[in-house]
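Me: I would like to learn how to read a few features from a model. Please take them one at a time.

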Amino acid sequence: MEKKNIAILILAVALVASGIGNIFLAFGPEIEVVAPVSRTFVVGTLEGPSDLDPIHSWDSGSNDIIEQVCEGLYQYNLSDPDLGIIPMLAEDYGTWDVTGKHLTVPLRVGVWFHDGTYFNATSVQWTFERINYFINASGMPWILNETVSKIHSLYEFPNGTTILDPVNPVTINSEYSVTINLRAPYAVFEPLICYVTAYMLSPASTPKFELVSTAYGRIVGTGPFVYDYYVADTEVKMHRWDRYWGGAAFFEDVTFAVINDATTRNNAMLGHTIDYLIGSMSSLFPTFDADPTITHRAGGRALSYYYLGMNNNRINRTWRQAISWAINYTYITEELQDGTVYRSNGPLAPDFPGYDPTVQAATYNLTKARELVVSMGFGDMGWTDAQWEAGNFRTWNYTYNIGNDFREDLLVLLQDNLALIGIEIIDQGMSWADFIYRAYGYMEPGGYDSLMIYWIGWGPDYLSPFNMIAPLFSNKSASNAAQYWNHNVETWLAEVLTETNAAARQVLYSNILRQIVEVDMPHAFGYHPYQHSVHSANIAGVSYNAMGSFYVYPMYRTGP
């Protein structure tokens, strides 16, 4: 028996060494062999990176990858409910000069890029010069500069001029001290550079005037994981950076498994072929809750915002108001979304800085919606529902991505609700790629004008109300798919960036929100989600946060 146990022990060790994990052999009190805790971490995600280069990234699928590999000077503290800013590659918080245009930042010592290059002031200068190139700070004619980043508007004042000094964005004071130079004061600059667009890439491994190719390129950062490769629509691979300045990560290998189908991806969580689930299905929450090997954390309110966008060039304000009052929002939140979301009163969630609780969005009120339609000379308040449905005063397309259950179900609701005010809604479902390119104005012919009515969401790039309002409602923004424009809103957006008094700044934000939400209604304001995180129960160190940011570091596994 002793010899048999020794043979089994040798076999078990051999299997572990060969990579066959999760072995548990028990043979009475004499011997018990338990597999070591797995150092491999697998994330199940909807999509791979669209853009691997930080300066061109503006979607969660891309950001989730970049944030494991690269770092910026500052980052939000995801362990802090208030999401305070903390230094990362900066040694400490910077100091502004009296003009508000020059920020001096001490740099962290002892940081290495993954290619062995040392991080210092030259790295910071190189990064911000690269940013300036890709936001076209020089003002080169657009037709001659084909590499302008799609996120350029993040680095622009409302008048379209770029934020950074176009000639000297960074001054090197010493090897570990820099001064970042702006054209003019910009009140949300520190939050801005917490976003991935300002994350550092190695000057030795990155083309300064070319974007890193998503298909075959590599990003080389200072983060806890080294980027290996991306197999399109299949997986992203990375491994641990043992020289990480914050201490080596627990996990040696990380895989982002791309599983487009939501049911398949959620079943992968139930089958434990993944450790962390991005994009959980509310219908499976009871199943997750009943499984002791899975953690489903629900509770807090997320900061992202979802809405029905309307083409403001084709749908006038009164029609937009009528549509906004005609939608059954309770049915959306309670039936279509199973109570996993809550109603929005504008682009800012209640926990977002700048939120004004006195600003109230339209609710479901069919009488008020019909009164607005009648005020335009259509219909009659004495009509029956059948007469309203037969009116067909306007016909507009509803555009959405096929395969998204909620957006498909919303089509039926819109056809039902809006028919009662004389609007016919036409089904214009399409692929995700076609939809998102229209939503960002890239699809020809027509660009934004190919959209009439559509449902989409927006999440904060950085924690400032300006970042939730300006991209969606400024006519300077490339993300203003509704093509909304209001002179007063543009003026207030410009003023808020130079206003140093917090109370006065809040008044400006309240003015903006009231004009947008209660008067112009460029969107039918939908909902904000509650936070839901689903992962294996043996994963600890998860940073649950309202921004929805996801970092593998410093997670660890507590058991096999």
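Me: Which residue in the hairpin of β6 and β7 takes a positive phi?
Reply: This is a predicted model. In that hairpin, Gly100 has a positive phi near 75°, and 5 residues lie between the two strands. Strand β6 (residues 95-96) runs antiparallel to β7, and 2 bridges join them. Trp96 has Leu103 of β7 as its bridge partner.

Me: With which strand does β7 pair over 5 bridges?
Reply: That partner is strand β9 (residues 177-181), and the pairing is antiparallel. Opposite Val105 stands Val178 of β9.

Me: In which sense do β17 and β18 pair, parallel or antiparallel?
Reply: Strand β17 (residues 394-401) and strand β18 (residues 423-430) are parallel, with 8 bridges between them. Tyr400 is opposite Gly429 in β18.

Me: How many residues of helix α7 are buried?
Reply: Buried here means under 20% relative accessible area. By that cut-off, helix α7 (residues 317-326) is mostly covered, with 8 of its 10 residues buried. Among them are Trp319, Arg320, Gln321 and Trp325. At the start of α7, the backbone nitrogen of Thr318 has a side-chain oxygen of Asn316 within 3.1 Å.

Me: How many cavities of 30 Å³ or more does a search of the whole structure find?
Reply: Rolling a probe the size of a water molecule over the atoms shows where empty space is left. Here the search finds 7 such cavities. The largest cavity has a volume of about 170 Å³. It is lined by 15 residues, and those closest to its centre are Ser153, Glu156, Phe466, Ala470 and Ser477.

Me: Which helix gives the most to that lining, and what is the make-up of the lining by class?
Reply: Helix α13 (residues 465-473) gives the most to the lining of the largest cavity, contributing 4 residues. By class, the lining comprises 9 nonpolar, 4 polar and 2 charged residues.

How values were computed:
Residues numbered from 1 in each chain as written. Predicted model: local features only at pLDDT ≥ 70, side-chain atom pairs only at ≥ 80, totals over all residues. Heavy atoms only, no water. 1 Å grid on protein atoms, 1.4 Å probe; cavity = no way out; pocket = protein on both sides within 12 Å on 5 of 7 lines; lining within 4 Å. Points joined across faces, edges and corners; volume = space filled by probe spheres on them. Nonpolar A, V, L, I, M, F, W, Y, C, P; charged D, E, K, R; others polar. Pairing = 2+ DSSP bridges. Buried < 20%, exposed > 50% of the residue type's maximum accessible area, 1.4 Å probe, protein only. Polar contact = N/O pair within 3.5 Å; in protein donor to acceptor, adjacent residues only side chain to side chain.
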